[in-house]
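Look over the sequence and the structure below before reading on. Some questions and answers come after them.

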Amino acid sequence: MKLARSFLIALFILVLTTISFAAPVVIKFWHVYDAGIAKQTIDQVVTDFNKSHEGKIRVEALGISFWDYWDKLRISIAAGQEPDVFVNDLGDVIMRASSGILLDLAPYLKKAGTDVDKTFFKAPLDMCRWKGGIYALPFETDVRLLFYNKDLFVKAGLDPNRPPKTWNELWQYADKITKKNAQGDYDVLGFNPLYAQSYFWMYVWGNGGDFIDEKGNLVVNSSIVVKSLTEWKQMVDRLGLDKLQKFNATYPLGLNDAFINGKLGMVIQNNTFFSQLRDYAPNLNYGVVQIPYPVKPVSWSNGFSIEASSRSRNKDAAAEFIIYLTSKTPSYLFAKNVSSLVGNREAAMSPDLMSNELWKLSVQTLDISRFRPFVLEYPLWYEDLQKTVETVLYGKSTPQKALDDLQKMIETQIQKYRLTH
Amino acid sequence: MRSQKKMRLIREIILYSVLTLFSVIFLVPLFWMISTSLKPESQVMTVPVQWLPKPPQWRNYIDAVKAFPFFRYFWNTSFLAILNVVGTLFSASLVAYSFSKLRWKGRNQLFYITIATMFIPSQVLIIPTYLIFSKLGWINTYLPLVVPAFCGGGAFNIFLLRQFFVSIPDELLEAARIDGASEFRIYSQIVLPLSKPVLFTVSIFTLLFSWNDFFGPLLYLHDPSKWTLAVGLRSFQQQYTTTWNLLMAASTLTALPLIIIYFIFQKSITSGFALSGSGK
């Protein structure tokens, strides 16, 4: 009798363990690739992973429109119901890492034998580091480049194979291309500093400036920033703020983009802009170069990170999937199909991708490109900087005073944060 | 006599011109949606504006329906909308009946508290309600989108119904009570049949809200096969590009059932709206 009972218990345990071993661990993965070739590629990567981990891990992927993804993710994180793995903004990984919701991937990367410095581009990877840990991996990144219309160059008597290198050259060329109509409005504009991806902080960097001082503090009123803003205002004033705004309103980005419609000689755009040109203006004769600079060459990057929740019940499996997703083969597939600059350096440097001139230029530009510095105490400082720039452009304040005011506000906000955290 | 007639004519001319002007203003977006839905992509954003597609591209409708699981989402949306209408009509009218025709301690205070819930911004409630539903294990099910309709149906609907029920003479109910009718019978056989206009109004509001609800399904449903049309329409808008013509074709198809319902029940709806705005 006793023997039968022990036998039954042993059998029960055996069945239970078999069931628990047989059922694969399920990893929920949310991303922004909900349509087209990007979705197909991610689906394929997930299917490949599931096949190679059959019986062990099953990834369930969900793609949500880029415009709605952030609300859904944010609310699920706030409610402690986030998926195990998710795509997020590479620009503010530290914010989430410091709040404790992200899993430190460093031990898993070490275990997997991944040499992160060799595998990933430095600038995007640095955005994932916090207090010695690695809290995300860079999946996609980007750079800003100068696209120029070769036909407009020729019309203005410029050599289409000699694009501008410095900011001075840019204005010399632009002035030759610009044409006004009878009403004094711009019919064709050489360059518009307030259009597309042209941002003031890039100009500051180009002037050799920075927003973080030697002590690591956020400083927006240093002499170089003030000088840059003074120059920025002069550039805008020379063209006329109201005329530029009228131009921007006439050519909203997208199908009616001024560059796409041959109304803008040069434009600073994201490296992925070429796909819009291919779809909307297949006959446009254009070239791409690094952004001209006043003092030193620079570009601006951002991108998407892949992160795992520290609250996931299956941390090992989640980390394994992230490491796979950002590894060479899946990254190469994504880069090739979607033409998006991946964070995996080895994948991005594949010879067949590098044979494409624009791709090569984008990869090279990553070396000089920077991310906006992340300030934990005041993450949206750059939005307030933009507002300050506008205040100055509208003539409501001088560069020095406006930036001093902003600095004061920033210091108050940072102090407030330190008191409450 | 003649001048009076003339005055009336002038007044009517002014009235009709103002009304026509307003109807044109309100119809422009609808016209624009339908016109865009028939355009090739190159004609969508042209300057000067191209009002009529040349030639109309009917294929857009086929492409739009094929671009996402339209019929599946249509079914999901209809299913949710019908359940919401049924639930709201039933539960909100019961609550309103209690607030208007039954006498109990604290009734008015509780009514005011119910009304006060309308002043709470919905954004504040998103995370707490999400937490409640997730504790109940209802995430990725239709329950968070349906059950609330059966639990009172919202303060606004209760308010509308209560205001109407108050106007029904108590004598009618007293007579029924003397005849031995139960409260539920009075509610279902006397009060409800007398309240058709307001019930129509509530149905239409609920139908519109549920049909167009985007945020609820987006938050609570993680399985794309459960999504609704409002969520599905988003697949036409990517980070850098939007296929406006297909988006507008799908939007036209999404709005079509509501437009048809409007034409069928036009009379009841307009009388219901007049009633909800009369401040009884």
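The questions below go through the contact between the chains, a pocket, a cavity and some single residues of this predicted model.

Q: How many residues does the contact take from chain A?
A: The contact has a side on each of the two chains. Chain B puts 23 residues into it. From chain A the number is 24 residues.

Q: What area is buried between chain B and chain A?
A: The size of an interface is often given as the accessible area lost when the parts come together. Here carbon and sulfur atoms give 62% of that area. In chain B, three residues lose the most area to chain A, namely B:His222, B:Gln239 and B:Tyr240, together 24% of what that side buries. The area buried between the two chains is about 2200 Å².

Q: Which element gives the most residues to the side of chain B that touches chain A?
A: Across the interface, six residue pairs are in polar contact, both residues being at pLDDT 80 or more. On the side of chain B, the elements that give two or more residues are H5 and H11. By class, that side has 14 nonpolar, seven polar and two charged residues. The element that gives the most, with five residues, is H5(B).

Q: Which helix gives the most to the lining of the second largest pocket?
A: This pocket has a volume of about 1400 Å³, and the closest to its centre of its 32 lining residues are B:Ser122, B:Leu125, B:Pro148, B:Gly154 and B:Phe209. Several helices of chain B each supply at least two lining residues, among them H3 (70-101), H6 (143-150) and H10 (196-212). The most, six residues, comes from H5(B).

Q: How many charged residues are in the lining of the second largest pocket?
A: The lining is divided by class. It has 19 nonpolar and twelve polar residues. The number of charged residues is one.

Q: Which helix gives the largest share of the lining of the largest cavity?
A: The count comes to one cavity of 30 Å³ or more, and the largest cavity has a volume of about 80 Å³. Of its 13 lining residues, the closest to its centre are A:Trp167, A:Met202, A:Tyr203, A:Ile291 and A:Pro292. The lining divides into eleven nonpolar, two polar and no charged residues. The largest share, three residues, comes from chain A's helix H10 (residues 200-206).

Q: How far apart in space are A:Ala123 and A:Ser369?
A: A:Ala123 lies in helix H7 (residues 122-126) of chain A. Leaving out residues up to four places away in sequence, A:Ala123 touches A:Ser369 and A:Phe371. A:Ala123 and A:Ser369 are 246 residues apart in sequence, but from C-alpha to C-alpha the distance is 7.6 Å.

Q: Is the peptide bond that joins B:Lys54 and B:Pro55 cis or trans?
A: Most peptide bonds are trans. B:Pro55 lies in the loop between helix H1 (2-37) and helix H2 (59-67) of chain B. For the bond between B:Lys54 and B:Pro55, omega is about -10 degrees, and the bond is cis.

Q: What is the phi of A:Lys131?
A: Most residues other than glycine have a negative phi. A:Lys131 is found in the loop between strand S4 (129-130) and strand S5 (133-134) of chain A. A:Lys131 is not a glycine, yet its phi is positive, at about 50 degrees.

Key. Residues numbered from 1 in each chain as written. Chains lettered and ligands numbered in written order. Predicted model: local features only at pLDDT ≥ 70, side-chain atom pairs only at ≥ 80, totals over all residues. Heavy atoms only, no water. 1 Å grid on protein atoms, 1.4 Å probe; cavity = no way out; pocket = protein on both sides within 12 Å on 5 of 7 lines; lining within 4 Å. Points joined across faces, edges and corners; volume = space filled by probe spheres on them. Helix = DSSP H or I, 4+ residues; strand = E, 2+ residues; numbered from the N terminus. Nonpolar A, V, L, I, M, F, W, Y, C, P; charged D, E, K, R; others polar. Contact = heavy atoms within 4.5 Å. Buried area = accessible area lost by both parts, 1.4 Å probe. Polar contact = N/O pair within 3.5 Å; in protein donor to acceptor, adjacent residues only side chain to side chain.
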